[in-house]
Amino acid sequence: MDYIVDIKDIVTKFGTTVVHDKISLHVKSGEIYAIVGPSGCGKSTLLRELVALHKPVSGSINILGYNLLNASYKQIQELRKQWGFLFQNGALFSSLSIYDNIALPLMEYTDLSSKFISKMVAYKLDLVGLKDSDGSLFPSEISGGMVKKVALARALALEPRLLFLDEPTSGLDPISAREFDRLLLRLREFLSLSVVMVSHDLHSIRLTADRLAVIDDKHIVVQGSLDDIVNTHTPFINAFFDAYKDKR
Ligand SMILES: Nc1ncnc2c1ncn2[C@@H]1O[C@H](COP(=O)(O)OP(=O)(O)OP(=O)(O)O)[C@@H](O)[C@H]1O
Ligand SMILES: [Mg+2]
């Protein structure tokens, strides 16, 4: 079977510290796939490796049919148009308006006219439930929930097939977080997206994830459905998924 993301035996080190020791996982087309694990276990680092912002020491990453670690600069630039990335803290450019934040990838990676870009930005704002007039605001002038939506609109700017989300609901109140989850499910259907999402939010995982992987102590402890996960017992899984077990 062809996977949209297929990683094998990834080893990551910072200096002498080993963060990942032979991590393997695969994501099927159309899936929402969650990555869970204790703080500092290397979830964000893994996402950064998947979007070619960091190179692991060894292993292989196959993504959208490309062997990422052997890909040329040109191929990686091509791939960047096919995936979107929402950073852990939104990472909006504070000196740019919301409009310009969303327009930036379109200006950087396409030669579309400014008139067309403005239509695309309006469409993306609408897609994530923001108003046209929100485009003129600056990141310091919007709420945390709006930051996430703008970051999502920017990640969707180039109409990617694959979306990487790093803690998309962290810092949101429960109502905004559930709104974000429903938005993600709608967009997955509407845009035929595949999604790889790092999350600490058990509600969000229950509502959106088809499958998940748990990383702990440098390894993938288990990969599968939520039921597969909760039937695996480690101190982290027991503590993290206790709330889920109580509600089943
Ligand atoms: N550029 C870097 N240089 C050195 N160490 C790094 C670098 N980036 C990450 N690390 C280390 O790698 C480990 C994993 O970090 P990472 O940010 O991937 O964790 P995480 O699982 O995303 O944590 P959290 O849940 O808190 O976001 C940490 O020990 C971190 O200090
Ligand atoms: Mg992180």
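Author: Let us begin with a term. A polar contact is a pair of N or O atoms within 3.5 Å. Please keep in mind that this model is predicted.

Reader: Which polar side-chain atoms lie 2.5 Å and 2.9 Å from an oxygen atom of ligand 1?

Author: A polar side-chain atom of T45 lies 2.5 Å from an oxygen atom of ligand 1, and one of S44 lies 2.9 Å from an oxygen atom of the ligand. The backbone takes part too: an N or O atom of the C41 backbone is 3.2 Å from an oxygen atom of ligand 1. Alone, ligand 1 would expose 640 Å², of which the protein buries 56%.

Reader: How many residues surround ligand 1, and which are the closest?

Author: There are 13 residues around ligand 1, and the closest are S39, G40, K43, S44 and T45. By type, the shell holds 4 nonpolar, 7 polar and 2 charged residues. Helix α1, residues 43-50, contributes the most to this shell, with 3 residues.

Reader: How does one look for empty space in a model?

Author: Rolling a probe the size of a water molecule over the atoms shows where empty space is left. In this structure, the largest pocket holds about 470 Å³ of space. Its lining has 17 residues, and the closest to the centre are F85, F87, P105, E108 and Y109.

Reader: Which element supplies the largest share of the lining of the largest pocket?

Author: That element is α3, with 4 residues. At least two lining residues come from each of β6 (83-86), α3 (98-109) and α5 (144-155). The lining comprises 13 nonpolar, 1 polar and 3 charged residues.

Reader: How should I describe aromatic rings that pair?

Author: A pair of aromatic rings is described by the distance of the centres and the angle of the planes. The whole structure contains 4 aromatic pairs. For W83 and F164, the ring centres are 6.1 Å apart and the planes stand at 80°, so this pair is edge-to-face. W83 belongs to strand β6 and F164 to strand β7 (residues 162-166); the pair thus links distant parts of the chain, 81 residues apart.

How values were computed
Residues numbered from 1 in each chain as written. Chains lettered and ligands numbered in written order. Predicted model: local features only at pLDDT ≥ 70, side-chain atom pairs only at ≥ 80, totals over all residues. Heavy atoms only, no water. 1 Å grid on protein atoms, 1.4 Å probe; cavity = no way out; pocket = protein on both sides within 12 Å on 5 of 7 lines; lining within 4 Å. Points joined across faces, edges and corners; volume = space filled by probe spheres on them. Nonpolar A, V, L, I, M, F, W, Y, C, P; charged D, E, K, R; others polar. Near = heavy atom within 4 Å. Polar contact = N/O pair within 3.5 Å; in protein donor to acceptor, adjacent residues only side chain to side chain. Areas by Shrake-Rupley, 256 points an atom, 1.4 Å probe, with all protein chains shown as cover. Phe/Tyr/Trp six-rings, centres within 6.5 Å; stacked < 30°, edge-to-face > 60°.
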